[in-house]
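This note is meant for a colleague who is new to the structure. Please read the numbered points alongside the sequence and the model.

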Amino acid sequence: MEKKPHVDGGAPPVELVERLPQALLVDILSRLDLYSLCSAAPVCRTLNASASQALSSIASLDLSGFSPTVQILSRILGSNNAIQHLALDCSRLDDSSFNDFAKKRLVELSLLKCSAFSPSIFAVIGERCPNLRHFSLDMASHVKKKDASLAVNNAIIQMLHGCKQLESLCLKFPLQHPGTAYFHSFWLALPKTIKSLILQPVSNRQARIPISGKTQNASPNYVGLHSLSLVLDVITDELVLSLTSNLPNLAELCLEDI
């Protein structure tokens with residue numbers, strides 16, 4: 001059967017796409033949302049190559065609306081070293097996904113519905129994300145590991161030592177075990193840039209600011225806190241006095257008991 005010519009007498013649409021400069025295609029595709037970008041990739045080899053290049057240069061991405069698998073996340077972010085702002089639904093991810101989302105240029109990272117991460121997630125972020133300024137992690141289930149509370153605490157301290165530009169930190173764990181020592185000694189490990197802090201759960205004892213953190217020549221790093229939110233086992237007058245006395249720049253305080 002003879003091919004019918006196009007009405008306009010021109011080349012087929014795919015051939016027209018292949019004639020365009022790749023730099024132009026990448027610029028066009030980089031302006032699309034993720035769904036449209038991924039939909040364009042299978043059309044032809046030229047669009048596939050351009051879409052891959054566009055994905056590798058995305059600086060801001062919100063993947064909190066669906067839960068990618070490790071394989072899908074690797075396709076989206078594996079070759080991307082430009083990402084700076086990332087929100088991620090982690091309900092289907094495990095430790096093998098660290099290489100795909102823990103990037104050096106990250107400034108803001110939000111990990112939601114985490115259920116299969118080990119405590120090493122914090123150490124990895126501290127090592128690989130030195131430019132991080134805003135970090136939020138919501139653990140949907142308890143870390144399944146012997147002596148998990150100690151391992152989590154040590155990994156959090158390691159992360160804080162690595163992320164020296166951190167301005168806001170939000171760490172939320174399930175509330176079934178309010179006495180779990182996830183945040184032991186965290187006050188002394190906070191970077192001097194910290195302005196906002198949200199922790200859950202934390203015990204009354206752990207939340208009290210240690211006087212030993214003050215020195216004669218320098219103020220402790222946590223005095224710059226403007227906003228503090230804690231979910232505690234119990235709220236006492238001593239705790240409130242400890243916080244208000246040692247945080248002179250505090251403008252917002254939220255204490256909630258379980």
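1. A salt bridge is taken here as a side-chain nitrogen of Lys or Arg within 4 Å of a carboxyl oxygen of Asp or Glu. The structure holds two salt bridges. The model is a predicted one, in which local features need pLDDT of at least 70, side-chain atom pairs count only at pLDDT 80 or more, and totals for chains, interfaces and linings use all residues. Residues are numbered from 1 along each chain as its sequence is written, and side-chain values use heavy atoms, with hydrogens and water left out.

2. The protein chain has 11 helices and eight strands; helices (H or I, at least four residues) and strands (E, at least two) are DSSP runs, numbered from the N terminus. Of its 258 residues, 43% are buried, where buried means under 20% relative accessible area, exposed over 50%, and partly exposed in between (1.4 Å probe, protein chains only). A contact means heavy atoms within 4.5 Å. Among contacts between residues at least 6 apart in sequence, 66% join residues at least 24 apart.

3. Lys113 belongs to strand β3 (residues 108-114) and Asp89 to strand β2 (residues 85-89), so the bridge links parts that are 24 residues apart in sequence. Lys113 is partly exposed, at 48% relative accessible area, whereas Asp89 is buried, at 5%.

4. The second salt bridge joins Glu167 and Arg133, with the closest N and O atoms 2.9 Å apart. Glu167 is in the loop between α8 and β5 (168-172), and Arg133 is in the loop between α7 and β4 (134-139), so this pair ties together parts that are 34 residues apart in sequence. Glu167 is partly exposed at 27% relative accessibility, and Arg133 is partly exposed at 30%.

5. In soluble globular proteins, nonpolar side chains tend to be buried together.

6. How are helices α7 and α8 oriented to each other? Helix α7 (residues 120-128) packs with α8 at an angle of about 10°, with their axes 7 Å apart. The two are therefore roughly parallel, a word used for angles under 35 degrees. The contact is made by Phe122, Ala123, Ile125 and Gly126 of α7, and by residues of α8 that include Val152, Ala155 and Met159.

7. In α7, the buried residues are Ile121, Phe122, Ala123, Val124, Ile125 and Gly126. These buried residues pack against α6 (98-101), β3, β4, α8 and β5. Leaving aside residues up to four places away in sequence, Phe122 touches Phe135, Leu137, Val152, Ala155, Ile156, Met159, Leu171 and Phe173.

8. Ile157 is placed in helix α8 and is buried, with a relative accessible area of 17%. Ile157 and His184 are 27 residues apart in sequence and 9.0 Å apart in space, C-alpha to C-alpha. Not counting residues up to four places away in sequence, Ile157 touches His184, Ser185, Phe186 and Ala189.

Methods. Axes fitted to C-alpha atoms, helices over the stretch in contact; angles between N-to-C directions. Parallel < 35°, antiparallel > 145°, perpendicular 65-115°, else oblique.
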